[in-house]
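User: Let's go through this two-chain model together. I'd like to start with the contact between the chains and then look at one residue.

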There are 2 protein chains.
Amino acid sequence: MNNNELSKHAVLSLWIKENIADNTFKIGDKIPSENELASRFMISRQTVRQAIGTLVAEGILIREHGRGTYVNFPGKKEPADKTKRIGVITTYLDDYVFPSIIHGIEEVLTDGGYTMSLGITHNKPSDEENCLIQMMQSGVDAFIVEGTKSALPNFNKRLYEQIKEKNIPTVFINGYYTGYNDSYIILDDVKAGEMVADVLIQNGHKYIGGFYKSDDFQGIRRYEGLLKALKKNNLTINDTSIIWYTTEDYKYYFEGTMDHIILNRLSEVTSVVCYNDLVAASLIRLLKRNGKNVPEDISVVSFDDSFLSKQMVFNLTSIVYPAKKVGKKAAQIILQQLNVSKKPEHVVFEPILKIRDSVKKL
Amino acid sequence: MNNNELSKHAVLSLWIKENIADNTFKIGDKIPSENELASRFMISRQTVRQAIGTLVAEGILIREHGRGTYVNFPGKKEPADKTKRIGVITTYLDDYVFPSIIHGIEEVLTDGGYTMSLGITHNKPSDEENCLIQMMQSGVDAFIVEGTKSALPNFNKRLYEQIKEKNIPTVFINGYYTGYNDSYIILDDVKAGEMVADVLIQNGHKYIGGFYKSDDFQGIRRYEGLLKALKKNNLTINDTSIIWYTTEDYKYYFEGTMDHIILNRLSEVTSVVCYNDLVAASLIRLLKRNGKNVPEDISVVSFDDSFLSKQMVFNLTSIVYPAKKVGKKAAQIILQQLNVSKKPEHVVFEPILKIRDSVKKL
């Protein structure tokens, strides 16, 4: 290798570094292939490999076997300087459940001398990606994450793998991405789903519909509970009356133009299991404006036991979601993982049923 | 135990048998608990246990630890008399893909001296249940099944377990229920999803929407392929423009009343990946009646490469679905499992891309 080649190698390294500095190549981005760089800079592939090798050694790039070379998170394998800051990423904040989770987390972290960086994803994987990158850049010691679209393949898989490689602990709440072995805290959603369905069945309901969320872990699990309850009682599933919605189409279901579709789909059932109190409240309003009353005309059960379940003319039978407990437990696990042991912990809360008067005895 | 108790035990056995005979207790149904039977017949639990024990020994009932006692499939552990009949259960038949699958199966089975029992589920787990029960009652040597709602928890789990216990081989096509180790034949749907997205990206599309099926294995996988293609090219996912539909709401999406919703959700993208040619054709009609043309205004790619993809004014870029091959392979595996080895086989077909003219170069 002559001097000329040496300087070319330096130029390429500099070019990559500058592209990272001005965010042309963002964290987690794939850089162009060796062939592409070789032809663009009119240098040999070996020279390209040398430049990349140096940047990998410096921890600026990261090679992933068979997939390519990516911009790495800044910092060493294991950051020496602890920031005493925990990244907390949740899907929503304005909802009724989340403020309590955050309060629970905050209480325990403050006691432990930690502060909290908060990110909201609106259940969008691309927002989750931004949160993860920004928090890694500004520096956090650990993550508490409510994953986005946890029932779907994970858009941010590689980022979570990189975080793991850096030995930064993560606790998932309300669900977890399958195929990982991270800590998580969940409600026993299958059992919760079974419990609300049992209430309906015990009251003589044989035709049960549902309004479930298909992109979140909890939606699939709560539906699984319905299946269990039906099977146990030798009842069958009414597919037409099981309505699945996603984060993005929720608003359309209740804006009015789809009333005829929903009424049509629920026309065969005497009761409906709703994914949460928010859906239940929206559905009850929809039924009301179409002349149907709960529980006289149709029974409704739900999850979360929020203030919504107690502000109607009747009160909603619902499953208690121990939001503050979940938050506290998540923070406790994180502190333990930072200070004591890295062993993943899996916590499953038992559901508690609140029977009120949204179910009619048939 | 006195004579009186003995006759009571016989009465209970008879009562259960008669209830099974007249279909009050159907195959797979749970019979009442020991306590319930004891109090109903005013006999001791021990007598109940004896009656049930006899019926379990006769293979009429089956005990499942911790869950209860169920009506068993008729027949011994392993049926001695082979029927030379294979149960084939598919979700649809009128669709463009299925006739070819069935032809492929039929060809191989006939050559092997087997006949076929055909059941159609319309992607309803309760219909799948009926098919499985009826075929087990009439007797089949093996099953080829396209599972219903394969992305959701399996409603017929216990039936499949009972079939397995009887050493009746099952091959799943197009997907499989997770958590089993049965034979399956699938298309590499992740790769297929990546390939169609690659076509869009190579043509300059950065904002890509989707119309995916959320209750089937293939829908989730094809979406995963989109994620991979986007990641690889440092592009992001447009959640608002990813529309998820289920078996039951498909018809509502294209009846007209939801046009404004779909147009609104796709307003930010220059292209859409459709779950299959049927969805693509429906979407293209919807766009057309709202003054939007493919590919001038919006590009569309799809899966199945059916006759639908070749009957428009333009022709649709789509992935070949090797339907007949899938059918033949399924039948070959079944014959092999019946005659040679019970080892589960997992076959993954490579996708083949047909580039036509539904994608505009940007």
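This is a predicted model: local features need pLDDT of at least 70, side-chain atom pairs count only at pLDDT 80 or more; totals for chains, interfaces and linings use all residues.

User: OK, how much area do chain A and chain B bury between them?

Analyst: Carbon and sulfur atoms account for 57% of the buried area. On the chain A side, A:Phe155, A:Lys231 and A:Asp239 supply 19% of what that chain buries against chain B, more than any other three residues. The total between the two chains is about 3600 Å².

User: Which helix of chain A gives the most to the side that touches chain B?

Analyst: Contact here means heavy atoms within 4.5 Å, and 39 residues of chain A meet 40 of chain B that way. Across this interface, 12 residue pairs are in polar contact, meaning a pair of N or O atoms within 3.5 Å, where within protein one must be able to donate a hydrogen and the other to accept it, and residues adjacent in sequence count only if both atoms are side-chain atoms. With six residues, the top contributor on the chain A side is helix 8.

User: How many salt bridges are there between chain A and chain B?

Analyst: The rule wants a side-chain nitrogen of Lys or Arg within 4 Å of a carboxyl oxygen of Asp or Glu. B:Asp249 and A:Arg265 make one, with their closest N and O atoms 3.9 Å apart. Between chain A and chain B, the count is six.

User: And B:Asn72, is that residue buried or exposed?

Analyst: B:Asn72 sits in the loop between strand 2 (68-71) and strand 3 (85-90) of chain B. A polar atom of the B:Asn72 side chain lies 3.2 Å from the backbone oxygen of B:Gly59, and beyond its neighbours within four places in sequence, the contacts of B:Asn72 include B:Ile27, B:Gln162 and B:Lys166. The cut-offs for relative accessible area are under 20% for buried and over 50% for exposed, with partly exposed in between (1.4 Å probe, protein chains only). Since its relative accessibility is 11%, B:Asn72 counts as buried.

Note on methods. Residues are numbered from 1 along each chain as its sequence is written. Chains are lettered from A and ligands numbered from 1 in the order in which they are written. Side-chain values use heavy atoms; hydrogens and water are left out. Buried area is the accessible area (1.4 Å probe) that two parts lose on being put together, summed over both. Helices (H or I, at least four residues) and strands (E, at least two) are DSSP runs, numbered from the N terminus.
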